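Hello,

Here is the structure we talked about handing over. Please have it open while you read the notes below.

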Amino acid sequence: MTLELIHHVGLVVKDLDRSIYFYHDLLGLKFANEPTPWFEGPELEKGVNVKGAKLRQVSLWVDERSTLELIEYASPQPTFNGGAVPNNHRGAAHVCFKVKDVHAKKKELEDRKSTRLNSSHLGISYAVFCLKK
């Protein structure tokens, strides 16, 4: 199966307003969605796989088909012990690729003997896959 494009790239930032100033005001990226208010709750915790998550975000168009997602976490405070970078750690990032059939692509990747996947969210047209050790 061929990768078609980068759907979006997500970056965790320290200050969303400052990042919007840089990417939107200075670089000229247009809003794909307006900045969200703070949100939290069990569904968010499950979606981002971070207990106690409270965040806000904005997506900006990079081109007509790809966006840059900026995410600021209010909680929990990031910790880093030299292992895998937690989703709420500044500098953590993800890239999503668009494919024709996300379920077939997931199965194709999981069928490889050395690959185990954690789907943090699996949608109709996209998914985020994280390799597990």
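Predicted model: local features only at pLDDT ≥ 70, side-chain atom pairs only at ≥ 80, totals over all residues.

**What was found**

Next, helix H3, residues 102–111. Which of its residues are buried? They are Val102, Lys105, Lys106 and Leu109. Around the helix axis these residues span an arc of only 100°, so they sit on the same side of H3. Two lysines, Lys105 and Lys106, are among the buried residues.

Two backbone details are also worth a look.

The first topic is a peptide bond. Ser75 and Pro76 are joined in the cis form, with omega at about -10°. Pro76 is placed in the loop between strand E5 (67–75) and strand E6 (93–98).

The second topic is Asn49. Its phi is near 60°. That is a positive value, and the residue is not a glycine. Where does Asn49 sit? It is in the loop that links helix H2 (42–48) to strand E4 (54–61). Is Asn49 buried or exposed? Its relative accessibility is 55%, so it counts as exposed; the cut-off for exposed is over 50%.

Over to you.

Best wishes

Methods
Residues numbered from 1 in each chain as written. Heavy atoms only, no water. Buried < 20%, exposed > 50% of the residue type's maximum accessible area, 1.4 Å probe, protein only. Helix = DSSP H or I, 4+ residues; strand = E, 2+ residues; numbered from the N terminus. Arc of directions from axis to C-beta.
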